[in-house]
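Open the model in your viewer and colour it by secondary structure. Then follow the stops below.

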Amino acid sequence: MPLLCNKYRLFPDKEDWAGKILLLESSEEKMSPEKYRKAVMALKETGIFDVISGILIGKPMDGTYEQEYKQVLVDVIDNSHLPIVCNINIGHAQPRCIIPFGVDATVDIDHQVIRFTN
């Protein structure tokens, strides 16, 4: 997949990610921790973890590999200054909440709140 993204410029440039919050979820595939690591490594190679302001991680479907995925994120991203919030009920997790794209947001990890600006 990274080859296709590079070939057809499907993935935004690193500069386009500056100050953004990255939203990830693992899908119903329930990929192995090894495959998840490769996916996170592919993202790291783009350099976006150096410019984004935080990451929101959806709760894995059925809680599969929940702890393993968290460890992969910590190991691969390796940035103690980048806020990462895991296990949000988005995507394939139940119950689901809605997170709008393209709006200003702040994540308050101390109070466990995500605030969206109009």
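Helices (H or I, at least four residues) and strands (E, at least two) are DSSP runs, numbered from the N terminus. Residue numbers start from 1 along each chain as its sequence is written. This is a predicted model, in which local features need pLDDT of at least 70 and side-chain atom pairs count only at pLDDT 80 or more, while totals for chains, interfaces and linings use all residues; side-chain values use heavy atoms, without hydrogens and water.

**Colour by confidence**

Switch to pLDDT, the predictor's confidence in each residue, from 0 to 100. The mean for the protein chain is 89, and 100% of its residues reach 70 or more. Select helix α1 (residues 2-7): confidence is lowest here, at a mean of 80. Now select helix α3 (residues 66-77), where confidence is highest, at 96.

**Zoom out**

Show the C-alpha atoms. They fill a box of roughly 40 × 30 × 25 Å along the principal axes.

Next, colour by burial. Buried means under 20% relative accessible area, exposed over 50%, partly exposed in between (1.4 Å probe, protein chains only). Of the 118 residues, 26% count as buried.

**Select Ser26**

Ser26 sits in the loop between β1 (21-24) and α2 (33-46). Is Ser26 buried or exposed? Ser26 is buried, because its relative accessible area is 5%. Display its partners: leaving out residues up to four places away in sequence, Ser26 touches Met31, Tyr36, Pro60, Met61 and Tyr69.

**Select Asp62**

Move to the loop between β2 (54-58) and α3, where Asp62 lies. Check the backbone: Asp62 has a positive phi of about 60°, although it is not a glycine. Asp62 is exposed, with a relative accessible area of 64%.

**Select Asp78**

Finish in the loop between α3 and β3 (84-88), the place of Asp78. Asp78 is not a glycine, yet has a positive phi of about 50°. Asp78 is exposed, at 61% relative accessible area.

Key: Contact = heavy atoms within 4.5 Å.
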